[in-house]
Amino acid sequence: MGGIKMKVNLTEMYVDEEIKNAAMKVIESRRYVKGEQAREFEKEFAKFSGAKYGVATNSGTSALHVAMLSVGIERGDEVIVPSHTFIATVSPLLHIGAKPVFAEIDEKTYTMDVNDVRKKITKKTKAIIPVHLYGQPADMDAIKEIADEYGLIIIEDACQAHGAEYKGRRAGSIGNIAAFSFFPSKNLTVAGDGGMIVTNNEEYALKAAALRDQGRVAGKKYEHDYVGFNYRMSEILAAIGRVQLKHLPEWIEGRRRVARLYNELLADLDIILPFEKEWAKHVYHLYVIRHPERDKLKEFLKEKGIATGIHYPIPVHMQPAIKNILKEEYKLPVTEKVAKEVLSLPIYPWMEEEKVEYVANAIKEWLRK
Ligand SMILES: Cc1ncc(COP(=O)(O)O)c(C=O)c1O
């Protein structure tokens, strides 16, 4: 290929004057927690996600933890989860004393294999946690059918799927409750760690709001109805999130543009590209390709100045922390194979066409070797 070497980041973050001003206004207001910014962000983000209630938290992990407790997950309950996900989908279950039961993923979409979910149900199963991985919703109708049949709760892990759609419905509005993350790499960020629970169920929303605020029900300052946590979102971050939310629809289209371009440039090569289901609006938090010699390709791209990621190299059921607790052998051949082959390419809403071309050309050059 030759030519100029570019530096291509895996992701880029957005900062503008409005964001800086929003943060500065909160600093000057001297109201840093439990104020108007988080309250308004909750309303706006819930509305965006097609849900009635929003509960802002200090991370996606705490959003998942509180969501699980709000729907009544208890010690000894079994909860079906994918293993091809970030560990935080699973770790709150272990803090509760519930048991994660790992299901396979679909080899094309990398989201839960619904047939395997059905096989993993026992009398102790209480809930299913579909993860809308990389920004594509899991097959929610099929999961709902199983949940209805067995009386199970659905907790959506929508940490990577702000604004993603399943048959026209937004991620977060389909299950009983959902968790989002605003970690700095996510499609919407708050210049720090942050998260949000959304739900259409008032009871869950009230309990979640109390749990993330030391178990206090709104309006009660000195009485604690639950043993809760301090999982509140700071006002500065909420103010930043509100500005970011205004840009999110245009950013989603930007990511989809980059994904389309990659799809065109990388078509008909000896690599597996992302597969967008006909019922999905994928928001491409990550653009993930697959190749059996992933590590060599990653190294080659690094030499070209191209940053890539691996989401995730070790399935959760193979993590030492999880194995030590569960002491159970799982065989998840699709998950284990995919973990060895996935590679996340650079993507962000405003990524220039020439950078996408540069990445695609580098991949082609490597494949020709
Ligand atoms: C699928 C998934 N679940 C949970 C989390 C946890 O979110 P956070 O890092 O905000 O705690 C993340 C993001 O890191 C994620 O990608």
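In what sense do strand β6 and β10 pair, and over how many bridges? Strand β6 (residues 165-166) pairs with β10 in the antiparallel sense, over two bridges. Here strands are DSSP runs of E with at least two residues, and helices are runs of H or I with at least four, numbered from the N terminus. Two strands pair if DSSP finds at least two bridges between them.

Before we go on: this is a predicted model, where local features need pLDDT of at least 70 and side-chain atom pairs count only at pLDDT 80 or more, while totals for chains, interfaces and linings use all residues. Residues are numbered from 1 along each chain as its sequence is written.

Back to the sheet. Three strands make it up, in the order β7-β6-β10, and the sheet is open with antiparallel pairing. At its edges sit β7 (169-170) and β10 (280-281), each pairing on one side only. Look for Y166, which stands opposite A280 in β10. Strands of a sheet pair through backbone hydrogen bonds, either parallel or antiparallel.

Now find helix α2 (residues 36-49) and helix α8 (residues 235-265). Their axes, which are lines fitted to C-alpha atoms over the stretch in contact, come within 8 Å and cross at roughly 35°; angles run from 0 to 180 degrees between N-to-C directions. Residues in contact have C-beta atoms, placed from the backbone, within 7 Å. Among them are F41, F45 and F48 of α2 and A238, A239 and L245 of α8.

Finally, the ligand: of the 15 residues around it, S59, G60, T61, C159 and S181 come nearest, where being near takes a C-beta atom, placed from the backbone, within 6 Å.

Key
Contact = placed C-beta atoms within 7 Å.
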